[in-house]
Amino acid sequence: MRAGAGAALTGALAVGCGDRGTSGADGSAEWGRGTDSGPGSGAGTRSVPGTGSDTGSGPDTGSVPGAGTGTDPDAGSGRRSGSGSGSGEEAAAGRTGDSPAPRTAAAPAPRRFPGHPVQIEHGPRDRARVALTFHGQGDPAIATSLLAEAERAGARVTVLAVGSWLDAHPALARRILDGGHDLGNHTQRHLTVSEMPEGEAYREITDCARRLKRLTGSIGTWFRPSRTPYATPLVQRLARRAGYPHVLSYDVDSLDFTSPGATAVTRKVAGEIRNGSVVSLHFGYADTVAALPALLDDLDRRKLRAVTTTELLTP
């Protein structure tokens with residue numbers, strides 16, 4: 001283990017590791033209306049510099065109060081189906097009632113990666129790069145310690161943040177970006193988005209996007225559906241309509257949310273990771289905190305470089 005890593009992470013553990021989510025109230029601002037472009041959806045397009053026009057299937061008609069808590073890790077049996085393209089940034093435009101974005105440089109916006117499917121499970125297999133992705137919930141002290149340990153090892157990660165978590169800990173959005181990491185959207189309340197009606201599911205995506213936009217100037221570089229490894233065709237379409245050309249899945253599941261012990265987490269990831277892998281991990285679990293130094297050491301020995309998902313997919 002690297003010098004200093006054990007002490008830092010032990011200190012984080014003392015704060016507490018069992019927080020699997022925080023509750024946050026929403027509904028203070030109405031989501032902006034407009035006309036989507038696309039077959040049969042009406043005239044006009046919604047365009048934002050750097051993202052293109054929205055190609056969804058029509059304006060959102062659902063309105064769901066955004067109150068609740070996300071408490072369980074992602075699990076489910078979504079299908080690996082669906083295709084299509086589109087970018088747009090419906091979620092990026094300013095909305096009535098939102099606070100202005102901080103006066104700092106805007107974070108990177110979502111981008112399309114030609115040659116990759118709408119639902120991305122891994123990157124190129126011909127380069128020694130991997131992406132460690134973290135579901136963003138849990139004790140902020142643990143999250144900060146995990147980020148610091150990654151940075152000490154020269155690693156960059158991808159954090160898919162839950163909107164209610166950002167409501168409770170808004171400073172973490174900039175902390176993640178300032179460390180050189182990717183920051184994305186993991187829905188507002190971390191509920192089972194694949195089982196929701198269309199309007200409610202869309203609201204889960206756009207409510208989190210709005211928080212990211214307010215805090216960072218961007219809706220985030222990635223979207224990952226909550227409580228399922230794979231987005232259904234409907235959720236893929238709604239994500240594209242909200243401004244995300246891709247949804248991010250993974251090909252290595254650490255199973256850290258089952259609390260199997262740090263050694264088991266390290267063994268599971270090390271046994272399956274390879275060039276191009278996208279690994280699913282979580283903030284807020286003691287086993288993840290304890291496993292990370294050994295996992296990063298293993299990657300270093302194997303000359304696998306831990307990069308952001310954006311870098312993983314960039315030629």
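I started with F223, which is buried because its relative accessibility is 0% (buried is under 20% relative accessible area, exposed over 50%, partly exposed in between, with a 1.4 Å probe and protein chains only). I kept in mind that this is a predicted model, where local features need pLDDT of at least 70, side-chain atom pairs count only at pLDDT 80 or more, and totals for chains, interfaces and linings use all residues. My numbering runs from 1 along each chain as its sequence is written, and side-chain values use heavy atoms, with hydrogens and water left out.

**Aromatic pairs**

I found four aromatic pairs in the structure. For a pair, I need ring centres within 6.5 Å, using Phe, Tyr and Trp (its six-membered ring); planes under 30 degrees apart are stacked, over 60 edge-to-face, and the rest tilted. F113 and W222 have ring centres 5.6 Å apart and planes at 10°, so I logged the pair as stacked. F113 sits in the loop between strand 2 (52-53) and strand 3 (119-120), and W222 in the loop between helix 5 (198-216) and helix 6 (233-242), so this pair ties together parts 109 residues apart in sequence. Both F113 and W222 are buried.

Next I took F223 with Y244: their ring centres are 5.9 Å apart and the planes are at 40°, so this pair is tilted. F223 is in the loop between helix 5 and helix 6, while Y244 is in the loop between helix 6 and strand 7 (247-248), so the parts tied together are 21 residues apart in sequence. Y244 has a relative accessible area of 1%, so I put it down as buried. I also noted one aromatic cluster formed by F134, W165 and F283.

**Helix 6**

For elements, I used DSSP runs numbered from the N terminus: helices are H or I with at least four residues, strands E with at least two. How many residues of helix 6 are buried? I got seven of its ten, so helix 6 is mostly covered. The buried ones are V235, Q236, L238, A239, R240, R241 and A242. Their cover includes strand 3, helix 5 and strand 7, with contact meaning heavy atoms within 4.5 Å. The charged end of R241 sits over the ring of Y202, 4.2 Å from its centre; the test is NZ of Lys or CZ of Arg within 6 Å of the ring centre and within 35 degrees of the ring normal. After helix 6 comes G243, with a positive phi near 120°.

**Helix 2 and helix 4**

I checked the axes of helix 2 (residues 140-152) and helix 4 (residues 171-178), which come within 11 Å and cross at roughly 5°. That makes helix 2 roughly parallel to helix 4 (under 35 degrees is roughly parallel, over 145 roughly antiparallel, 65 to 115 roughly perpendicular, the rest oblique). My axes are lines fitted to C-alpha atoms, for helices over the stretch in contact, with angles from 0 to 180 degrees between N-to-C directions. P140, T144, L147, A148 and E151 of helix 2 meet L172, R175 and I176 of helix 4.

**N275**

I placed N275 in the loop between helix 7 (262-272) and strand 9 (278-282). Its relative accessible area is 25%, so N275 is partly exposed. N275 and V130 are 145 residues apart in sequence, yet 6.1 Å apart in space, C-alpha to C-alpha.
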